[in-house]
Amino acid sequence: MTLDLELIAMALPLLATGALVTIKLAAVGVGVGLPLGLGLALLRLAPNRLLAGLGDGYAGLFRGTPMLVQLFILYYGLAEVPVIRQTPALWWFFRDALFCAGLAVVLNTTAYTSEIFRTALRAIPQGQIEAALAVGMRPWTLLTRIRLPLAFRNALPVYASEAITVVKETSLASTITVLEITGQAKRLMSQTFGILEIFALASLFYLVINLACLGAFAVLERRQARGMRP
Amino acid sequence: MSTDLLTLLTDQGWALALAKGCALTIAAALGGTALGGVMGFPMAVLRWRAVPVLSQAVAVYSGLVRGVPGLLVIYLIFFGGVQAVETLLHLGGNSAILGFVMAVIAIGLISCAYSVEVFRAALQAIPRGQVEAALAVGMSDLVAFRRIIAPLALRHALGGLNNVWQMTVKDTSLVSVVGLQELMRVAAIAAGVTRSALVFYILAAALYLAITLISQALFLRAEKALNLSFGGRS
């Protein structure tokens, strides 16, 4: 197999524009999905049975079905609902494939993120919480000063791999016409004969994004661990 | 609304189509997971034993596939592999079987990359003492592997394999974009024909949920059964 330079020169700019879309979607997924997932984790641990049950139901639903179905429900399914078509703001949002893809990524990662933080919040030693209560902290102070920082530190390494999953899940946007990396790659694969080259190039883009992501989380982890070291 | 749904499902025959789609989804997921497990276990042993060259090759394969979206892998297999599989298996242009074989290969390749990591972790979790004890009583490497290492590793791996299975079931939906008539594809066709996308995609979601929940329950049972002989840590 000879390296087809012309093909690469043609594919690179297209894949690069695709990479921008991938990064945008992944940034929304992590930026919105992380706080929402944290909130959902707290909801699932709430003493109120109904609220906790609702949270568990949401997480079970989104973790038990493929994201492709979720995406198609949002993009093709909701477009049939009269209320959505007739409300200008809703219709402006749901007729846009990019918005729907972003929403699907956020809804999906929220479920998985809640699972990560639920485990981390439950792993906090009871003594630490009792100590905080004993010095007279209110529930809100306990949450912001003790539980969240501790849970965050525990969860960070696991969350890093969820962030990579988010990057990969954005590829589903290509099935509703959004041309991110995988969408561009598919178009190029069907137009040219350099299927392996296109795959290799597209993989390279993903690997660079993933490595950047892992690097960012490694820096965060080190900063988080600063207080732990003597 | 409910009578409409009934008409769609029974009179127009979509219930049967969805059931067939479910069967194909389960078959593709089983095939993919089996392929992934059968290839993944020896690969994990290569990694565990740190066999030079082969171990690195497995690491690159597993890292690459786990680092890129499943959809991209599926496009590679479908655009690049149809010709190869057709000449290899002499299917004589039987596109239904070809599609299924391609799907199982694509899903299996993805599933395998994750299985390798699960098996590797399971092998590493075996206490050194157990392996040494087996060798000390005079078992040969092969016997020790067959009687001690492999059973222990499989038991350790079951939880992780459950995760891989769940992921693989959901990954089968991706194959719909290249035409295999599994659950997602049937739902998409039904959505197009009947112009009731919402109904059919929600039905598909419910069916996927049923598949994952039922198989989850089966896995928990298997885990309990396997742990019985280990003092019943259930």
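How many helices and how many strands are there in chain B? Select chain B and colour by secondary structure: there are 9 helices and 0 strands, where helices (H or I, at least four residues) and strands (E, at least two) are DSSP runs numbered from the N terminus. Read along the sequence, the chain B pattern is α-α-α-α-α-α-α-α-α.

Before going further, note that this is a predicted model, in which local features need pLDDT of at least 70 and side-chain atom pairs count only at pLDDT 80 or more, while totals for chains, interfaces and linings use all residues. Residues are numbered from 1 along each chain as its sequence is written, chains are lettered from A and ligands numbered from 1 in the order in which they are written, and side-chain values use heavy atoms, with hydrogens and water left out.

Keep chain B selected and show its C-alpha atoms, which fill a box of roughly 70 × 45 × 30 Å along the principal axes. Of the 234 residues in chain B, 45% are buried, buried meaning under 20% relative accessible area, exposed over 50% and partly exposed in between (1.4 Å probe, protein chains only). Among chain B contacts (heavy atoms within 4.5 Å) between residues at least 6 apart in sequence, 76% join residues at least 24 apart.

Next, select Leu15(A), Ile176(A) and Tyr201(B), the residues with the most contacts inside the largest nonpolar core, which has 92 residues; such a core is a set of buried Ala, Val, Leu, Ile, Met, Phe, Trp, Tyr and Cys residues joined through side-chain atoms within 4.5 Å. Helix H5 of chain B (residues 95-124) gives the most to this core, with 9 residues.

Centre the view on Ile176(A): leaving aside residues up to four places away in sequence, Ile176(A) touches Leu71(A), Phe72(A), Tyr75(A), Tyr76(A), Ala97(A), Cys100(A) and Ala101(A). A second, separate core of 22 residues can be picked out through members including Leu34(A), Leu38(A), Ile146(A) and Ile164(A).

Now select the cysteines Cys100(A) and Cys112(B). Cys100(A) is buried because its relative accessible area is 0%, and Cys112(B) is likewise buried, with a relative accessible area of 0%. Over all chains the structure holds 0 disulfides, a disulfide being a pair of cysteine sulfur atoms within 2.5 Å.

Finally, go to helix H1 of chain A (residues 5-44), where Val32(A) lies. Val32(A) counts as partly exposed because its relative accessibility is 37%.
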